[in-house]
Amino acid sequence: MIWKNAIDIGTLNKMSKNMVLFLDIQFSEITDDSLSATMPVDERTKQPFGILHGGASVVLAETVGSVASNLVIGQGDFLPVGLEINANHLRPVTDGRVTAKCTPIHIGKKSHVWDIRLTNSEGKMVCVSRLTVAIIEKPKII
């Protein structure tokens, strides 16, 4: 298991704030080496042509990857911060929910790299993303 501390989906969803709440991103599954979350395809996440906005897909990918890094490092003197993300949008989605499944490519002391695959309600891949997270020391509060 890659997670520093045991946590359940209910607790993750209760901790959600800001954009995660606005877009109704909900964590849906945690395994020994993956974290998944879902997001609706609706008026908040569609672009003007009625399909899932690429930026919304990236928000979902970065959310699940950043939370995964946070779960790997646990509470302590370090913070995970996004360093780079890319996304390839493979097919349009017009309704339902998309699911992002995040698995590690690399978990190092100073960086994490995550593979994040988004699928539609039929299980077809709609986006593949890679997120690099830097692990930095928490700033000292004066």
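Figure 1. A residue is called buried when its relative accessible area is under 20%. In this predicted model, Gly 74 has a relative accessibility of 7%, so Gly 74 counts as buried. Gly 74 sits in the loop that links helix H3 (54-73) to strand E3 (78-89). Which residues does Gly 74 touch, leaving aside those up to four places away in sequence? The partners are Lys 4 and Asn 5.

**Figure 2. Gly 74 and Ile 141.** This view pairs two positions of the chain. In sequence, Gly 74 and Ile 141 are 67 residues apart. In space, their C-alpha atoms are separated by 19 Å.

**Figure 3. Asn 120 between two strands.** Asn 120 belongs to the loop between strand E5 (111-119) and strand E6 (125-137). Is Asn 120 buried or exposed? Its relative accessible area is 10%, and the cut-off for buried is under 20%. Asn 120 is therefore buried.

**Figure 4. Contacts of Asn 120.** The side chain of Asn 120 reaches a backbone atom, the nitrogen of Glu 122, at 2.9 Å.

Figure 5. The chain holds 3 helices and 6 strands. How do the elements run from the N terminus on? The order is α-α-β-β-α-β-β-β-β. Consider contacts between residues at least 6 apart in sequence: 61% of them join residues at least 24 apart. Buried residues account for 38% of the 142 residues.

**Figure 6. Overall dimensions and surface.** Along the principal axes, the C-alpha atoms fill a box of roughly 45 × 30 × 25 Å. The radius of gyration of the chain is 15 Å. Why does this value agree with a compact globule? Because a compact globule of 142 residues would have a radius of gyration near 14 Å. The accessible surface of the chain comes to about 8000 Å². Carbon and sulfur atoms contribute 55% of that surface. The chain carries 15 positive and 14 negative charges. The mean positions of the positive and negative charges lie 4 Å apart.

Terms used:
Residues numbered from 1 in each chain as written. Predicted model: local features only at pLDDT ≥ 70, side-chain atom pairs only at ≥ 80, totals over all residues. Heavy atoms only, no water. Helix = DSSP H or I, 4+ residues; strand = E, 2+ residues; numbered from the N terminus. Buried < 20%, exposed > 50% of the residue type's maximum accessible area, 1.4 Å probe, protein only. Polar contact = N/O pair within 3.5 Å; in protein donor to acceptor, adjacent residues only side chain to side chain. Rg over C-alpha atoms; globule rule 2.2 N^0.38 Å. Contact = heavy atoms within 4.5 Å. Areas by Shrake-Rupley, 256 points an atom, 1.4 Å probe, with all protein chains shown as cover. Lys, Arg positive; Asp, Glu negative; His and termini not counted. Charge placed at Lys NZ, Arg CZ, Asp CG, Glu CD.
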